[in-house]
Amino acid sequence: QVQLVESGGGLVQAGGSLRLSCTASGRTFSVYDVAWFRQAAGKEREFVTRSRSDGITYSADSFRGRFAISRDNAKNTVVLQMNSLKPDDTAVYYCAATQDWGTQNPRDYRYWGQGTQVTVAS
């Protein structure tokens with residue numbers, strides 16, 4: 001069992017940057033793969049990026065070079081650094097964890113945070 005809490009969301013201007021954090025508790029964080037998903041109003045949940053338990057990362061094509069995931073197992077924390085934000089990035093961003101390896105299917109992720117709202121103003 002692991003609990004995840006996101007933080008760092010808010011209102012930013014287009015072109016700006018935002019840093020989201022996800023803090024885990026309850027179990028040894030390093031054994032989990034962790035990912036960021038987002039869900040905009042009226043749309044399906046979308047994979048953004050993930051980090052395997054060994055630190056290897058993968059991002060959806062549309063986010064490469066603009067968003068980046070990193071993890072600090074000692075602090076039980078995963079970060080999503082978002083740059084060059086656009087109004088279309090407005091969504092609720094979720095941190096999720098799984099004991100599976102190397103997946104971006106949301107159905108494979110057992111543990112989810114409550115989400116944090118990111119709003120990008122035009």
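## The loop at Gly115

Gly115 sits in the loop between β10 (111-112) and β11 (116-121). Strands here (E, at least two residues) are DSSP runs, numbered from the N terminus. This is a predicted model: local features need pLDDT of at least 70, side-chain atom pairs count only at pLDDT 80 or more, and totals for chains, interfaces and linings use all residues. Residues are numbered from 1 along each chain as its sequence is written, and side-chain values use heavy atoms, with hydrogens and water left out.

Gly115 is buried, at a relative accessible area of 14%. Buried means under 20% relative accessible area, exposed over 50%, and partly exposed in between (1.4 Å probe, protein chains only). Beyond its neighbours within four places in sequence, Gly115 is in contact with Glu6, Val92, Tyr93 and Tyr94. Contact here means heavy atoms within 4.5 Å. Gly115 and Trp36 are 79 residues apart along the chain, and their C-alpha atoms are separated by 9.9 Å.

Glu6 belongs to strand β1 (residues 3-7). Glu6 is buried but has no salt bridge. A salt bridge is a side-chain nitrogen of Lys or Arg within 4 Å of a carboxyl oxygen of Asp or Glu. The nearest side chain of opposite charge is Arg45, 8.1 Å away. For charge, Lys and Arg count as positive and Asp and Glu as negative; His and the chain ends are not counted.

Backbone nitrogens lie by the Glu6 side chain instead. That of Cys95 is 2.7 Å from one of its polar atoms. For the backbone nitrogen of Gln114, the distance to a polar atom of the Glu6 side chain is 3.0 Å. Leaving aside neighbours within four places in sequence, the contacts of Glu6 include Ser21, Cys22, Trp36, Gly113 and Gly115.

## The disulfide

The whole structure holds 1 disulfide (a pair of cysteine sulfur atoms within 2.5 Å). Its partners are Cys22 and Cys95, with sulfur atoms 2.1 Å apart. Cys22 lies in strand β3 (residues 18-25) and Cys95 in strand β9 (residues 91-98), so the pair ties together parts that are 73 residues apart in sequence. The link of Cys22 and Cys95 is left-handed, with -80 degrees about the S-S bond. Both Cys22 and Cys95 are buried.

## Salt bridges

Side chains of opposite charge can pair when their charged atoms come close. The structure has 5 salt bridges. Arg38 takes part in a salt bridge with Glu46 (2.9 Å, N to O). Arg38 also forms a salt bridge with Asp89, the closest N and O atoms being 2.8 Å apart. Arg38 lies in strand β4 (residues 33-39) and Asp89 in the loop between β8 (77-82) and β9, so this pair ties together parts that are 51 residues apart in sequence.

Arg38 counts as buried at 10% relative accessibility. Asp89 is buried too, with a relative accessible area of 2%. Glu46 is partly exposed at 31%.

Asp61 and Arg64 meet in another salt bridge (2.8 Å, N to O). Asp61 is exposed at 59% relative accessibility, and Arg64 is partly exposed at 46%. Shared partners join Arg38, Glu46, Arg66 and Asp89 into one salt-bridge network.

## Strand β5 and its partners

Strand β5 (residues 46-51) has 5 of its 6 residues buried, so it is largely enclosed by the rest of the structure. Two strands pair if DSSP finds at least two bridges between them. β4 and β5 run antiparallel and are joined by 5 bridges. Trp36 stands opposite Thr49 in β5. The two strands β4 and β5 form a hairpin with 6 residues between them, and Gly42 in the turn has a positive phi of about 80 degrees.

β5 also pairs with strand β6 (residues 57-59), in the antiparallel sense, over 3 bridges. Here the bridge partner of Thr49 is Ser59 in β6. β5 and β6 form a hairpin with 5 residues between them. Gly55, in that turn, has a positive phi of about 95 degrees.

Key:
Helix = DSSP H or I, 4+ residues; strand = E, 2+ residues; numbered from the N terminus. Polar contact = N/O pair within 3.5 Å; in protein donor to acceptor, adjacent residues only side chain to side chain.
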